[in-house]
Amino acid sequence: MMKQDVGANFISSGGRGAAAELDPGIEAIRAALEGPVIDVFRREIPELKHRPRPAAYDTVMNDPKMLDRCFRLFRSRPELFRDVVVDQGRQPVTLDKAVLSCGRTLAEAVALVVRASARRYFRAKLDFRSRFQVPTAKPSLGKRLVLALGLTSAPVVKKAPRSTSKSEALYLALRDYLQFDWQVLLIPHYAPMTPALVSDLGARLLDIREAAELQALAAPGATPRDGRKPLLLDGAQRLMMPGRDCLDAEVLWRVVQQMDLARLFPKAEVGQVQRSVARISAMHGDAIKVLLPVLGDDIRRFTAFVMIAFTTMGEQRFKQDFCQSGQVHAVTKLAERLARVEAPPASLELMKQVYGAVLETAYAGGVEVGAVLQARPHLKQALDSLGGSPMSISG
């Protein structure tokens, strides 16, 4: 097979409808992946090394985990693709908004790959039973003989309109929201959703990056019958006790469960997580008022932040800065830092990175931890000898 231009083959120059993705869009993706791009993956990923191009392509496109590995390889080591993912000037393309040699952006190419993989997965999981449906009965041998001799005319049979398969219905509902490589690992969790749920969620799907949250939203009864928003999509005010400046521990616990924030507590028992939620729900009203605006009044972002703060700072320090009256200055300084950083996507991993970095410079007793250590090197030396950290300093 001749070496192909990945820019020309990664995305189609035809229409963008579902039919266009079947031909020539998906075929263009196949041509690219079976050519120079798949060769890079075959060199770098052990499970693909000894497979021929077509088999390697099917392995990648049929398995969201493998496709995610391929995307991660492309993002982390773009130099491997510098000769095959190029623009019209034959320069390497790494930015999503950059235009490939075919005239389309890399982001459009990524979206086509994600959609093609999702379509395959949905077909494999949702249309399984239809493969074993009883076929339409054929006329008996005698009737076929009479028809063959022309002794009678064949009856006119009206074919019933072909119904849309479950996989196609879901794919068509999701298609416009399948855009990014981070969605690949969510494909198995999109599969249990109904087209109606996808329609209800709409563009908000693009703000959901956690499998646990998709599962919670797809669970029976997740959408209230009274017209209220699903819990995970509501504002952080939903966490407040009606008419009071305090958190509702029961609602906070439900959000923690639906977000699966027990992941923040390695090997923790359910009871330990519940006790932590109870401690966090004792936050002082002034601290809540300071944090809500900088966290966008988002229920998931607010819950994630306070849980990350609790696990990062420890119970005693959290209680001192977040739960006691007269300590709002510490939370205010923390809020100022939060306001200066770009809000991370609603991914627990990314929120841990961003919020953890902010919390590592948390206020202690009205003074900067970093400033204290710089001004008192003997204190830092003493802490180092004890194996302590700046987070252990209290006011």
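Ser276, Val277, Arg279 and Ile280 in helix α13 meet Val306, Met307 and Phe310 in helix α15, contact being defined as heavy atoms within 4.5 Å. The residues of this contact comprise 5 nonpolar, 1 polar and 1 charged; Ala, Val, Leu, Ile, Met, Phe, Trp, Tyr, Cys and Pro count as nonpolar, Asp, Glu, Lys and Arg as charged, and the others, Gly among them, as polar. The structure is a predicted model, in which local features need pLDDT of at least 70 and side-chain atom pairs count only at pLDDT 80 or more, whereas totals for chains, interfaces and linings use all residues. Residues are numbered from 1 along each chain as its sequence is written, and side-chain values use heavy atoms, with hydrogens and water left out.

Two packed helices are described by the angle between their axes and the distance between the axes. For α13 (residues 270-280) and α15 (residues 299-313), the axes come within 11 Å and cross at roughly 110°. Axes are lines fitted to C-alpha atoms, for helices over the stretch in contact, with angles running from 0 to 180 degrees between N-to-C directions. The two helices α13 and α15 are therefore roughly perpendicular to each other (under 35 degrees is roughly parallel, over 145 roughly antiparallel, 65 to 115 roughly perpendicular and the rest oblique).

The protein has 20 helices and 2 strands, assigned as DSSP runs numbered from the N terminus (helices, H or I, at least four residues; strands, E, at least two). Of its 395 residues, 43% are buried, where buried means under 20% relative accessible area, exposed over 50% and partly exposed in between (1.4 Å probe, protein chains only). Among contacts between residues at least 6 apart in sequence, 62% join residues at least 24 apart.

The structure contains 20 salt bridges, each being a side-chain nitrogen of Lys or Arg within 4 Å of a carboxyl oxygen of Asp or Glu. One of them pairs Arg119 with Glu168, with 2.6 Å between the closest N and O atoms. This pair links distant parts of the chain, as Arg119 belongs to helix α6 (residues 106-126) and Glu168 to helix α8 (residues 166-174), 49 residues apart. Both partners, Arg119 and Glu168, are buried. A further salt bridge joins Arg317 to Asp321, whose closest N and O atoms are 2.9 Å apart. Because they are 4 residues apart in helix α16 (residues 315-323), Arg317 and Asp321 are separated by about one helical turn; Arg317 and Asp321 are both buried. Asp234 and Arg238 likewise form a salt bridge (2.7 Å, N to O), and Arg238 counts as buried because its relative accessibility is 14%.

Ser167, in helix α8, is buried, with a relative accessible area of 2%. Its side chain makes polar contacts with the side chains of Asp127 at 2.4 Å and Ser165 at 3.2 Å. A polar contact is a pair of N or O atoms within 3.5 Å; within protein, one must be able to donate a hydrogen and the other to accept it, and residues adjacent in sequence count only if both atoms are side-chain atoms. Neighbours within four places in sequence aside, Ser167 is in contact with Phe122, Arg123, Leu126 and Asp127.

Ser117 lies in helix α6 and is buried, with a relative accessible area of 1%. Residues up to four places away in sequence not counted, Ser117 touches Met61, Leu67 and Ile187. A polar atom of the Ser117 side chain lies 3.1 Å from the backbone oxygen of Met61. The C-alpha atoms of Ser117 and Asp63 are separated by 7.8 Å, although the two residues are 54 residues apart along the chain.
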